[in-house]
Amino acid sequence: MMWLSLVAFLVSAIVAGLVIRWLRDHAALYGPEMPQRFHFGHVPRLGGVALLAGTGLGWLLGLMQMAWGDPGNLKLGHWTGLWLLTLLPAAIGGIAEDMTQRLPVRFRLAFTALSGLLAVSLLDMGLTRLGLPWLDALLQSTPWLGGLIVLLAVAGLPHAFNIIDGYNGLAGMVALIVCLALAHVALQVGDRALATLVVVMATATGGFLIWNYPRGMLFAGDGGAYIWGVVIALASLALVQRNADVSPWFPMLLLIYPVWETMFSIYRKLARGVSPGVADALHFHQLIYRRIVRSVFHDDESRRMLMRNNRTSPYLWGFTLLTVVPAVLFWNKTWVLMGFCLLFVVSYVVAYLAIVRFKVPDWLRH
């Protein structure tokens, strides 16, 4: 597992460096009028290429290791290649959008939905339990409903990660933390194969992050967000499907930040009569940037924005840890996990309203 992780990290870091060196021209397509833009200059948005290269090669080397007799006892099988095949449609769709900035939202949704369909058909993923007896009985009597939930999860989580991908190190660190939490619980229940796949994803993310934070030389883009979303969705579903001891609410609490950010964003836009597919600058992380992170005094305007950008992400890292820590501690206790999910939703709404109404304590501003 360690050498696969090292390969994934190095390949991701090297490919990211090559992207920065040779593929900068496309960044000019991402105009300064974009509401999500919080940087100066043209920064490549092709971090997904590096993530795909690092993760894909790590997984393929794991398959090759199986042919050598599985010396690391990773227990990977041919299904690892099917995971990579399932990932490709979403990754290709996201990278195509990053290259052209012309792929309509419906086509991007179609690419991630195709990954969801492959998860159901190729990987035979389904959901048969949600930790509540009446829901479990319903899912077991109607298997297509579990397949539909899998499809929605794999198709939707990539877009949730895309929504929180707004500042240097934000989505990447959230993905890294979530992958490590999934790997920890997978090892707790003896699922070394699944732990290997998400650790490789985590280390590939680390290779990307050395260019992304704090210097902001490369962004993940839609491709990177979609790769994180699909891999984490597959790992979450597989962990619950393959290990009865793991509560289905463990991945729910683990991912409640990007999931609830997406749901709240849809509600907020519909309430204003705006299409959910229209980008805006009213997400939680954007409000923190505008109203909590204090201005930075520096002669260079681009340097000033970069420093302020970098100060935003740690707020959200801490916010994420508030859900990840209890998820890891109580991964097999459904009612406790459900309680923490509810607590997060309430805390998020209260915090959002407080920021909007300028009622933020001074000790939070720095």
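Which helix gives the most to the lining of the second largest pocket? Helix 6 does, with six residues. Keep in mind that this is a predicted model, where local features need pLDDT of at least 70, side-chain atom pairs count only at pLDDT 80 or more, and totals for chains, interfaces and linings use all residues. Residues are numbered from 1 along each chain as its sequence is written, and side-chain values use heavy atoms, with hydrogens and water left out.

Let's stay with that pocket (an open set of points on a 1 Å grid over the protein atoms alone, where a 1.4 Å probe fits, with protein on both sides within 12 Å along at least five of seven lines). It holds about 720 Å³ of space, a volume being what is filled by probe spheres set on the points, which are joined across faces, edges and corners. There are 22 lining residues, meaning those with an atom within 4 Å of a point. Closest to the centre sit I149, L152, A153, M252 and V259. Helix 6 (143-164), helix 9 (221-242), helix 10 (249-254) and helix 11 (256-271) each bring at least two lining residues; helices here are DSSP runs of H or I, at least four residues, numbered from the N terminus. By type, the lining has 19 nonpolar residues, three polar and no charged (Ala, Val, Leu, Ile, Met, Phe, Trp, Tyr, Cys and Pro count as nonpolar, Asp, Glu, Lys and Arg as charged, the others, Gly among them, as polar).

Now over to helix 8, residues 192-212. Of its 21 residues, 17 are buried, that is, under 20% relative accessible area with a 1.4 Å probe, protein chains only.

Note on methods: Expected span 1.5 Å × (residues − 1). Buried < 20%, exposed > 50% of the residue type's maximum accessible area, 1.4 Å probe, protein only.
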